[in-house]
Every structure is written in structure tokens, then in C-alpha cells.
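Welcome, and thanks for taking a look at this one with us. Here is a short briefing to read alongside the structure.

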Amino acid sequence: MPTTKSPLKFSSALFMRSAATLPQCPPDIGSEVAFAGRSNAGKSSAINALTGKRKLTRISKTPGRTRLINFFSLSTSARLVDLPGYGFAKVSKTMKEEWDRNLADYLHHRRSLKALVLLMDIRHPLRSVDWQMLQWAAESNLPVHILLTKSDKLGHGPAMNTLQEVQKEIRRRDLDNISAQTFSAHRNTGIDELTEQLRQWLEPNETEPDDEISVG
Ligand SMILES: Nc1nc2c(ncn2[C@@H]2O[C@H](COP(=O)(O)OP(=O)(O)OP(=O)(O)O)[C@@H](O)[C@H]2O)c(=O)[nH]1
Ligand SMILES: [Mg+2]
């Protein structure tokens, strides 16, 4: 069967649709990677920086801007997903509970979800909700790539120290399949590393042998 040999082009990302609930999501086939994290962490900004499209997904100074699950297609079978921020408290309790329920529903039941990019403001990494997400991902065998965002807010030295601290803390908790990097959407730093990780997750495996190797 022919496989796509050309690498995924993030600049050709197209908005597909927004969904409030799981049944409104696009068909659950192919592969997708979701950008998750506390409200205001920089999820939408990271997707815009990655795709080089400043207006692909909405950014605001008002936390809670992304209220729906937004899907972007990269190819016929690969998608990026911009999730609403979790832990956002400035809406009514009922509304917050409804968002959290829909988000949990997506995370637990979406079969094409292959991995998470978990974003944390580099000045406030590893809050309790982030640990909950990391714990849940580990239990669900979902790999996670952490972006320590807004790294432009710290100098290079302090940013690297924070990265090392985060890596150390993750090793201490014995969680597998978690990687981390620093990132700045404003300075466009860390994009190559993120692109590389997403390609590994989203591109079809081209190394599968055509012929069966007989053993014995
Ligand atoms: N300094 C700096 N600010 C950033 C960076 N990335 C995002 N921001 C700012 O952080 C705020 C939130 O960014 P968003 O991308 O909307 O964050 P989000 O995680 O999508 O937020 P929700 O949709 O509310 O969950 C905006 O004011 C951005 O301009 C960055 O790399 N550097
Ligand atoms: Mg957003």
C-alpha cells in the first residue's frame, strides 16, 4: 500500500471545525495530537506559531478564549487540536463543570488521540492540574511533550534551569514517555523541536517492512 513519503507541512494547516461535545468532533479516524494546559498557557499562540498562521486560532488577553475543541487538518489523516484551557475559574460554576466534562469526555474516548502537547507558562510550571493531566496520560499510555511557554519572559539561563528542574521532577515521579522543551510563540523559538516531535507522532510509519521476515 502506498504511504505518504513527504513530511507533514504545518503551514498547510486548515481549520476544520469546532466542537462543544464529543459527538460534534470530526470522524474518529486517523491521528491527532491535542494541545492541552491551563487557561492562558499559550496553546492557541503555539498552534499559530507552529503553523506560521497568526490568525488560525484565536488568542486573547482574556483567559478562557478557547471555549470549544478546535480541529485543524494537516493532511487527510492528521490533525492538531486546540483544547479549551482547564482550571479556568472566572466563568459560572455550571459552565466550568460543563466544559470540564466535555474535555474529559474527549480525552477519555477519542481513539484517534495519539499524544498530548501539554503547555505550561515557564514561570508557573507543574501546577496540580498539570500533574493530574500527566498522571492521567501515563495511565492511558498517552505520550506527552511539555512546552514551557513564554520562555521570552525569562533569560536563557533561568529558562534552562527551569527546564532541568521540570525534567528532574518528572524523573523523580517515575513517569514514562514524557519529554519537555522551552518555547516562545512571541520569539518563534522551539518550533523546530516541536515540529520534529509532532512528525514522529503524526506521520505514518514508513519503516514497516514490505515483506514478512521469516524467522526460524
Ligand atoms: N510573552 C509571551 N506571551 C505569550 C506567548 N504565547 C502566548 N502569550 C500570551 O499569553 C496570552 C494567552 O495566550 P493564548 O494562546 O490565548 O493561551 P491559551 O492557552 O490558548 O488560552 P485559553 O484559550 O484561554 O485556554 C495571550 O495574551 C498571548 O499573547 C509567548 O511566547 N510569550
Ligand atoms: Mg486558546
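Let's begin with the contacts: of those in the protein chain between residues at least 6 apart in sequence, 73% join residues at least 24 apart. Please keep in mind that this is a predicted model.

**Overall picture**
- The protein chain holds five helices and seven strands.
- The protein chain has 216 residues, and 44% of them count as buried.

**Aromatic rings**
- The count of aromatic pairs comes to two.
- One of them is formed by Phe71 and Tyr106, in an edge-to-face arrangement with 6.3 Å from centre to centre and 70° between the planes.
- Phe71 belongs to strand β3 (residues 69-73) and Tyr106 to helix α2 (residues 93-109), so this pair ties together parts that lie 35 residues apart in sequence.
- Both Phe71 and Tyr106 are buried.
- A ring also features in a contact with a charge: the charged end of Arg173 sits over the ring of Trp131, at 3.7 Å from the ring centre.

**Asn70 in strand β3**
- Asn70 has its place in strand β3, the strand that also contains Phe71.
- Is Asn70 buried or exposed? Asn70 is buried, because its relative accessible area of 11% falls under the 20% cut-off.
- The side chain of Asn70 makes a polar contact of 2.5 Å with the side chain of Ser18.
- With neighbours within four places in sequence left aside, Asn70 is in contact with Phe15, Arg17, Ser18, Thr57, Leu80, Val81 and Asp82.

**Ile191 in helix α5**
- Ile191 is found in helix α5, which covers residues 191-202.
- The relative accessible area of Ile191 is 15%, and because buried means under 20%, Ile191 counts as buried.
- Which residues does Ile191 touch, not counting those up to four places away in sequence? They are Ala49, Leu50 and Phe183.
- Ile191 and Ile47 are 144 residues apart along the chain, while their C-alpha atoms are separated by 9.9 Å.

Notes. Residues are numbered from 1 along each chain as its sequence is written. Chains are lettered from A and ligands numbered from 1 in the order in which they are written. This is a predicted model: local features need pLDDT of at least 70, side-chain atom pairs count only at pLDDT 80 or more; totals for chains, interfaces and linings use all residues. Side-chain values use heavy atoms; hydrogens and water are left out. Rings of Phe, Tyr and Trp (its six-membered ring) pair if their centres lie within 6.5 Å; planes under 30 degrees apart count as stacked, over 60 as edge-to-face and the rest as tilted. Helices (H or I, at least four residues) and strands (E, at least two) are DSSP runs, numbered from the N terminus. Buried means under 20% relative accessible area, exposed over 50%, partly exposed in between (1.4 Å probe, protein chains only). A charge sits over a ring if NZ of Lys or CZ of Arg is within 6 Å of the ring centre and within 35 degrees of the ring normal. Contact means heavy atoms within 4.5 Å. A polar contact is a pair of N or O atoms within 3.5 Å; within protein, one must be able to donate a hydrogen and the other to accept it, and residues adjacent in sequence count only if both atoms are side-chain atoms.
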